[in-house]
Amino acid sequence: MADQQLQQQQEEDEDLKLPFFPPPPPFYQHFTIENKERLKEIENEAVIDTLTEDDNAAKLSAEQILALPTELRYLIPPAPPADDGEFKVFGTVTSARGSDAFEKTMEWISRTLAVDYTLEGWKYEQLYPSTSASSSASASIDRQRYLFRFLRSILIAYIELLGIVAINPTSEQKNQKLKDILTMVTNMHALINEYRPHQARETLILEMERQVERKKREIEGVRKMKERVGEVLEGFGREIPAEKVAEDGEVVIGEEERRREAQRGMWQALDEVLGQ
């Protein structure tokens with residue numbers, strides 16, 4: 001009885017095994033050439049019916065899309081979300097225009113400091129000119145100079161913090177100095193993040209240069225291989241044995257034998273080329 005139950009359990013487990021790659025959604029079957037042509041005809045008819053005085057073609061309206069057969073509605077992609085539209089990604093509400101992750105990080109740091117380190121009241125304050133896309137200062141700001149300024153200021157503030165702690169570890173000036181250091185560190189972090197687009201461009205340029213060099217090497221290799229194959233074929237043409245004639249005039253090597261000898265020589269030449 002136990003053996004039967006064990007066997008039945010094994011059979012059920014085998015039935016529950018899922019494929020390594022899950023199957024595609026079932027509506028992929030509707031993406032056929034016939035359905036695409038049908039949809040195109042319907043769209044053309046709708047365009048003719050909805051032409052304006054400026055000859056601007058209108059797309060299918062919501063009512064027209066709902067009136068389509070089910071297999072054709074799958075072929076129409078949904079409209080992109082609006083810039084202010086919100087949706088959830090892994091349980092987090094976000095919008096199509098994106099979110100400012102830096103500001104959210106600063107808010108999280110502020111809450112964490114207030115709860116875990118009793119540094120209430122700290123808020124991120126930008127200590128350098130705005131570098132937004134609409135600001136003219138974005139192109140003229142010397143980020144490196146500000147980074148060195150913040151670094152020197154952090155070192156000086158750290159020395160001052162050591163002096164404060166050495167005299168009175170519970171002094172309120174200690175918390176204020178910690179807040180000043182954190183503000184300068186976060187400003188350095190924000191300035192370094194502004195180099196990300198430049199880093200992305202340089203990385204893309206470097207990768208494109210590598211691809212160009214690789215393609216050039218491949219082309220050069222193909223050219224050398226072509227020359228090598230041409231030389232082998234020319235030599236092979238010169239080395240094809242001619243028909244041997246006996247003293248009595250009988251042909252010793254016929255046309256079929258020459259063809260086979262040519263094939264053997266061709267394979268041998270290819271082996272030499274590919275072996276390199």
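Tutor: Begin with a cut-off: a residue counts as buried under 20% relative accessible area and as exposed over 50%. The model is a predicted one.

Student: Which residues have the most contacts inside the largest nonpolar core?

Tutor: In general, nonpolar side chains of soluble globular proteins tend to be buried together. Here the largest such core has 21 residues. Helix 5, helix 7 and helix 8 each supply at least two of its residues. Those with the most contacts inside this core are Trp122, Tyr124, Tyr128 and Phe150.

Student: Which residues does Tyr128 contact, leaving aside neighbours within four places in sequence?

Tutor: Contact here means heavy atoms within 4.5 Å. With those neighbours left aside, the partners of Tyr128 are Ile141, Tyr146, Phe150, Asn187, Ala190, Leu191 and Glu194.

Student: Which element has the highest mean pLDDT?

Tutor: The mean for the protein chain is 77, with 73% of residues at 70 or more. Over residues 52–58 pLDDT stays under 50. Among the elements, helix 6 has the lowest mean, 59, and the highest, 92, belongs to helix 7.

Student: What distance does helix 7 reach from its first C-alpha to its last?

Tutor: Helix 7 covers residues 143–167, which is 25 residues. At 1.5 Å a residue the expected value is 36 Å, and the model is close to it, at 36 Å.

Key
Residues are numbered from 1 along each chain as its sequence is written. This is a predicted model: local features need pLDDT of at least 70, side-chain atom pairs count only at pLDDT 80 or more; totals for chains, interfaces and linings use all residues. Side-chain values use heavy atoms; hydrogens and water are left out. Helices (H or I, at least four residues) and strands (E, at least two) are DSSP runs, numbered from the N terminus. The expected span of a helix is 1.5 Å times one less than its number of residues. pLDDT is the predictor's confidence in each residue, from 0 to 100. A nonpolar core is a set of buried Ala, Val, Leu, Ile, Met, Phe, Trp, Tyr and Cys residues joined through side-chain atoms within 4.5 Å. Buried means under 20% relative accessible area, exposed over 50%, partly exposed in between (1.4 Å probe, protein chains only).
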